[in-house]
Amino acid sequence: MDAIYLARDNAHDLDAWSGTPHWMGKALSAAGFKLSYVSPLAGGFPIYYKLKSKLIRTLGWGYSPDGEWGYLRKYGKKAGERIRKLPAKIILSCGKPQLVFLQTNLPIIFFDDASMPAIVTTHPGHTNFFPPVNRRLHEAERRVLDKCLYACYGSDWAADAALHKYGRAYENKIRVIPFGANMEVRRTRAEIEKLINTRETGRCNLLFVGRYWDSKGGPVALKVADELHRRGVPVQLDVVGCSPPTPVPEYIKVHGFVSKNTAEGRAKVDALFQRSHFLIVPTRFEAYGLVFVEASSYGLPSLATDIGGVTTIVQNDRNGRRFSLDAHPTEYADYVQKLLNDQNAYITLSRSSFNEYEQRLNWTTFGKKVRELVTDAGLLHPSPRHEFTESLSQA
């Protein structure tokens with residue numbers, strides 16, 4: 001089925017939005033959509049809004065150009081120019097800003113990790129928006145909800161916040177479809193079984209992955225490693241994506257930023273996921289939490305916080321455990337030590353973690369669910385307005 005794929009970020013860059021536009025596009029293609037890529041896209045007047053941002057922030061307010069009509073109109077105009085005459089029966093959009101002022105008669109399905117009502121009530125950098133910008137941010141989301149066929153969020157947290165803010169009138173449009181892992185995953189159950197059984201016993205390898213040490217909960221992860229070390233557990237905490245601001249003990253290994261755009265970077269990340277016993281990212285805020293999905297794809301249990309989209313990804317005692325934001329490091333250490341002292345329980349949780357990935361947290365399932373939505377809407381049948389190169393049976 002011919003479709004236009006809109007993405008604000010570069011859908012061919014594995015580092016753009018953690019690779020989500022890239023892997024989402026691949027998933028939609030694999031699901032039978034013949035995509036015409038329209039990506040990347042840029043808003044208008046960036047210098048003007050950059051200066052305006054500095055002024056508003058000096059006054060103590062939060063700011064985003066996504067709440068500016070001029071900026072969003074440029075997005076809509078550029079997207080409209082680029083999709084004109086492209087063969088398509090539907091628009092599939094990674095993100096929303098490019099849709100607010102897009103003029104088209106094609107049905108639209110968008111995918112996002114968060115809704116504006118969810119973000120502005122929980123994200124530390126978005127809870128104090130300049131009032132006019134805040135109003136326009138909500139109006140922008142409402143406009144997109146009005147014009148779309150389906151609004152697909154990655155978590156119940158995002159979808160529930162949108163329904164609560166904008167009303168049950170959108171209930172038939174809003175769907176929850178979790179995103180998959182932003183990496184190539186070809187691991188089989190047999191390979192996962194072997195991987196689990198080759199993890200070292202008698203020690204604990206923790207993996208922290210995040211670009212921002214403080215907001216991703218790095219200090220908490222460090223304290224958990226310290227507590228395990230104090231208890232006499234041989235422990236190592238691998239830190240990927242950032243660096244702690246102060247010196248760390250010898251059992252903390254800092255790798256810094258590792259790019260998935262290089263074979264070397266991908267191999268390094270792969271090795272760290274394989275050798276670890278737990279992913280630990282006690283994030284202070286998370287719109288979704290792709291790293292927890294990636295951990296599950298390795299049969300690796302996650303230690304996370306009970307916040308944002310993580311509440312959909314990490315299911316307690318199925319692929320890890322969520323802790324409250326104010327949980328003491330000893331709570332994490334107790335959970336880890338209990339599992340490490342019961343090898344059968346740890347193996348069961350690791351297997352269950354992969355099951356969660358295989359059953360609901362993967363891009364294949366994402367693509368199938370999107371295709372189901374399109375089928376339910378009756379859009380897979382040939383239309384006289386468009387020419388198709390595939391039949392339903394071939395898709």
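The predicted model holds 23 salt bridges, a salt bridge being a side-chain nitrogen of Lys or Arg within 4 Å of a carboxyl oxygen of Asp or Glu. Because the model is predicted, local features need pLDDT of at least 70 and side-chain atom pairs count only at pLDDT 80 or more, whereas totals for chains, interfaces and linings use all residues. Residues are numbered from 1 along each chain as its sequence is written, and side-chain values use heavy atoms, with hydrogens and water left out.

Glu 139 pairs with Arg 143, with the closest N and O atoms 3.4 Å apart. Both residues belong to helix α5 (residues 131-147). Helices here are DSSP runs of H or I with at least four residues, strands are runs of E with at least two, and both are numbered from the N terminus. The two partners sit four residues apart, about one turn of the helix. An α-helix has 3.6 residues a turn, so residues three or four places apart point the same way. Glu 139 is partly exposed, at 31% relative accessible area. Arg 143 is also partly exposed, at 31%. The classes are buried (under 20% relative accessible area), exposed (over 50%) and partly exposed (in between), with a 1.4 Å probe and protein chains only.

Glu 171 and Arg 168 form another salt bridge, at 3.3 Å from N to O. Glu 171 is partly exposed, at 41%, and Arg 168 is exposed, at 55%. Arg 186 meets Glu 184 at 3.6 Å, N to O. Here Arg 186 is exposed, with 68% relative accessibility, while Glu 184 is partly exposed, at 43%. Salt bridges also link Glu 227, Arg 230, Arg 231 and Asp 334 into a network.

The largest nonpolar core comprises 87 residues. Such a core is a set of buried Ala, Val, Leu, Ile, Met, Phe, Trp, Tyr and Cys residues joined through side-chain atoms within 4.5 Å. Leu 28, Phe 33, Leu 92, Phe 111, Leu 206 and Phe 366 have the most contacts inside it. Helix α8 (residues 218-230) supplies the largest share of this core, six residues. Apart from it lies another core, of 47 residues, including Ile 83, Ala 140, Ala 158 and Ala 287. In soluble globular proteins, nonpolar side chains tend to be buried together.

Leu 206 shows what surrounds one member of the largest core. Residues up to four places away in sequence aside, Leu 206 touches Val 224, Ala 225, Leu 228, Val 235, Gln 236, Leu 237, Asp 238, Ser 276, Phe 278 and Ile 280. Contact means heavy atoms within 4.5 Å.

Val 239 lies in strand β8 (residues 235-240). Val 239 is buried, at 0% relative accessibility. Beyond four places in sequence, the contacts of Val 239 are Phe 208, Trp 213, Pro 244, Ile 252, Lys 253, Val 254, His 255 and Gly 256. Val 239 and Lys 253 are 14 residues apart in sequence, yet their C-alpha atoms are 6.1 Å apart.

Helix α14 (residues 363-376) has 14 residues. From first C-alpha to last, α14 reaches 20 Å, close to the 20 Å expected; the expected span is 1.5 Å times one less than the number of residues. Its buried residues are Trp 363, Thr 365, Phe 366, Gly 367, Val 370, Arg 371, Leu 373 and Val 374. Among the elements covering them are α1 (20-30), β3 (91-94), β4 (108-112), β5 (150-153), β6 (174-176) and α13 (343-359). Asn 362 caps the N-terminal end of α14, with a side-chain oxygen 3.1 Å from the backbone nitrogen of Thr 364. Just after α14, Gly 378 adopts a positive phi of about 75°.

Key
Polar contact = N/O pair within 3.5 Å; in protein donor to acceptor, adjacent residues only side chain to side chain.
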